[in-house]
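Have a look at the model first, then try each task before reading its solution.

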Amino acid sequence: HTLGSTITPDIDRHLDMAERQTTRAATLADNLTAFIRHREPNPVPIDLGAVVEEVLEATPAPSGIEVEVDVPPLVFQADSDQFTQVIANLIVNGFQAMPDGGTLRVQASTQGGHVVLTIADSGSGVEAATMDRVFDPFFTTKASGTGLGLAIVSRIVEAHGGDVSLRNGPTGGAVVTVRLPIASAPELARR
């Protein structure tokens with residue numbers, strides 16, 4: 001039976017919905033796989049600025065969002081794929097927090113043997129009640145979120161011997177801070 005020219009607005013709506021649900025299921029499956037198939041980091045020297053640039057090229061800002069990058073030349077040890085995923089998840093989260101546009105700031109510095117990366121959006125920030133749960137697997141406040149983005153970020157960063165935190169910025173919006181050892185520290189991650 002072919003659909004041919006019999007596609008009514010009703011059928012069209014159902015097809016649209018099916019497509020959205022399929023996309024959402026695929027995203028969840030990808031996120032789940034990334035979350036479950038956790039592997040030990042394979043640290044290599046990484047140029048932080050290059051990774052940020054690469055992610056922004058692959059995931060350009062939606063219209064109405066300005067991106068400001070202030071990342072000095074920084075090379076440190078991390079798993080390339082995993083770290084790229086961390087940056088991508090944090091940047092996409094920032095974009096999603098600003099449906100009406102705004103500014104995403106990506107900044108980095110070194111502090112006492114650590115790389116400190118902050119990604120700040122100018123969205124509405126995070127409610128105090130949900131602040132403690134944002135890194136829990138499957139916790140999400142987004143209608144179409146899987147709740148695994150920040151859980152994956154947290155797990156990868158901890159496997160690298162680092163830590164990640166989230167707070168509301170002084171002028172609104174959320175600020176995620178990732179601290180990673182400059183030298184690879186897998187022995188720290190296994191304790």
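Helices (H or I, at least four residues) and strands (E, at least two) are DSSP runs, numbered from the N terminus. Keep in mind that this is a predicted model: local features need pLDDT of at least 70, side-chain atom pairs count only at pLDDT 80 or more, and totals for chains, interfaces and linings use all residues. Residues are numbered from 1 along each chain as its sequence is written, and side-chain values use heavy atoms, with hydrogens and water left out.

**Exercise 1.** Work out which pattern the protein follows along the sequence.

*Solution.* Start by counting: there are six helices and seven strands. Then read along the sequence, and you get α-β-α-β-β-α-β-β-α-α-β-β-α.

**Exercise 2.** Describe how α3 and α5 cross.

*Solution.* Two packed helices are described by the angle between their axes and the distance between the axes. Here, the axes of α3 (residues 80–96) and α5 (residues 149–159) come within 9 Å and cross at roughly 145°. Axes are lines fitted to C-alpha atoms, for helices over the stretch in contact, with angles from 0 to 180 degrees between N-to-C directions. Next, find who meets whom (contact means heavy atoms within 4.5 Å): residues including V86 and L90 in α3 meet residues including I152 and V153 in α5.

**Exercise 3.** Find out how much of the protein is buried.

*Solution.* Buried means under 20% relative accessible area, exposed over 50%, partly exposed in between (1.4 Å probe, protein chains only). Buried residues make up 37% of the 191 residues.
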